[in-house]
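Have the sequence and the model open side by side.

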Amino acid sequence: MSGLSTQTTVSLCTLILVRHGHTDMAGRFCGQIDPPLSAQGLAQLPDMVQRLSTHSLTHIFSSDLQRTLQTAAPIARRSRLPIHQLSSLREFAFGTWEGLDWDQVVALDHEYAQRWLDLYPSIPAPGGEHFSDFRKRIQDAMNAIADQVQDGCAAVVTHAGVIRTFLGDLAQLHLRPTDFSEFGYTSCWEVWHEQGHWSLPGETASASACDGLRQMSD
């Protein structure tokens, strides 16, 4: 379902969910810690801005972490719009696992790591956010954004876990933590909101797993 549609409807609210660019924390649990974009991530931004140029944006929203704000900045410059920063658009919080890769997590507590993997998303990382709380936070944030945007079009710059969770709910998928292959850095996903209902344009997103837990939510 990745890609941008050109359909417009007078009463339709359009949100373009944008994942931030690459960081040097790729491959680690990078939830609410705050690395900047890497050189690779900065190089990804011009193509992203060009893809978004087919839409007449009326609003820009971003997580308040610097990797998303850096991603949102060139969108704002091109569209001459302010960036509305929302902490509610932050990534899932991984507690004491923040900054670690999977091998380090397993070395810390193999038993709990395996339980987390087997029971995901029923239990949190140690000291981390419960998935039910995260899911509600994202639903509330998207609904509040739609209420503000009305019949406009907004870029919402956020994180892989946020996008995966929200699209999974819309498509009624049960995506596991390895389902990252379609959520590449600076990828754009369109969702619609009309008369209190969310929908996906065209075909719904499909679950497509990549090999192992080598890419973490960020």
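This is a predicted model: local features need pLDDT of at least 70, side-chain atom pairs count only at pLDDT 80 or more; totals for chains, interfaces and linings use all residues.

Residues are numbered from 1 along each chain as its sequence is written, and side-chain values use heavy atoms, with hydrogens and water left out.

Start with strand β4, residues 153-158, where six of six residues are buried. Buried here means under 20% relative accessible area, with exposed over 50% and partly exposed in between (1.4 Å probe, protein chains only). Strands are DSSP runs of E, at least two residues, numbered from the N terminus. In a regular strand, side chains alternate between the two faces of the sheet. For β4 both faces are covered: C153, A155 and V157 sit on one side, A154, V156 and T158 on the other.

Who are the neighbours? Two strands pair if DSSP finds at least two bridges between them. β1 (residues 13-19) runs parallel to β4, and β2 (residues 59-63) also pairs with β4 in the parallel sense.

| Strand paired with β4 | Bridges | Facing residues |
|---|---|---|
| β1 | six bridges | L17 and V156 |
| β2 | four bridges | S62 and V157 |

Now the cysteines. The whole structure has zero disulfides, a disulfide being a pair of cysteine sulfur atoms within 2.5 Å. C153 is in none, and its nearest cysteine sulfur, that of C13, is 8.1 Å away. C153 counts as buried because its relative accessibility is 8%; C188 does so because its value is 3%.
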